[in-house]
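Here's a friendly walk through a structure that may be new to you. Take a look at the sequence and the model first, and then we'll go through them together.

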Amino acid sequence: MTTVNERLKEIRTKKRLTQSALGEIIGVSKQAIANIESCHSNPSINFIGKLIENLNVNSNWFITGKGNMFNPPKFEDVEDEFTQKVEAILKKNGVIL
């Protein structure tokens, strides 16, 4: 079974983020991410909360390793993504919005 430290790296890799980019999202330094990933420190409750909130991470998976890595997207997020794709197609085809 993996550790939270390994799961953090797995999330970061899945999202294609550098340690610096993830640090910016969470509000910590690149070194803090590196320390957690290398098992020199463990994530704080505050860190875990920001990770869950900002990256839609499934808290159960992050803490226990069970379940899916990410929560299903919220309807609003899916709708926004769909709207952006439709608008891009319309613009590409010369439809004025």
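**Starting from F62**

Let's begin with one side of the story: apart from neighbours within four places in sequence, F62 is in contact with V4, R7, L8, I11, P43, I48, L51 and V57, where contact means heavy atoms within 4.5 Å. Before going on, a word on the ground rules: this is a predicted model, so local features need pLDDT of at least 70 and side-chain atom pairs count only at pLDDT 80 or more, while totals for chains, interfaces and linings use all residues. Residues are numbered from 1 along each chain as its sequence is written, and side-chain values use heavy atoms, with hydrogens and water left out.

F62 also turns up in the largest nonpolar core, which has 16 residues; L8, I11, L22, L51 and F62 are those with the most contacts inside it. A nonpolar core here is a set of buried Ala, Val, Leu, Ile, Met, Phe, Trp, Tyr and Cys residues joined through side-chain atoms within 4.5 Å. At least two residues of this core come from each of α1 (4–14), α2 (19–26), α3, α4 and α5. The largest share, four residues, is supplied by α4.

Now zoom out. The protein has six helices and zero strands, with helices (H or I, at least four residues) and strands (E, at least two) taken as DSSP runs, numbered from the N terminus. The radius of gyration is 17 Å, well over the 13 Å that the globule rule gives for 97 residues, so the protein is more spread out than a compact globule. That radius is taken over C-alpha atoms, and the globule rule is 2.2 Å times the number of residues to the power 0.38. Along the principal axes, the C-alpha atoms fill a box of roughly 55 × 25 × 20 Å.

How much of the protein is buried? Buried residues make up 26% of the 97 residues, with buried meaning under 20% relative accessible area, exposed over 50%, and partly exposed in between (1.4 Å probe, protein chains only). Among contacts with a separation of 6 or more, 48% are between residues 24 or more positions apart.

N5 counts as buried, at 5% relative accessibility. Leaving aside neighbours within four places in sequence, N5 is in contact with I36, E37, C39, S41 and N42. N5 and I63 are 58 residues apart in sequence, yet their C-alpha atoms are 9.9 Å apart in space.

Most residues other than glycine have a negative phi. N56, in the loop between α4 and α5 (59–64), isn't a glycine either and has a positive phi of about 60°. N56 is partly exposed, with a relative accessible area of 25%.

Finally, look at K15: its charged end sits over the ring of F70, 4.7 Å from the ring centre. A charge sits over a ring if NZ of Lys or CZ of Arg is within 6 Å of the ring centre and within 35 degrees of the ring normal.
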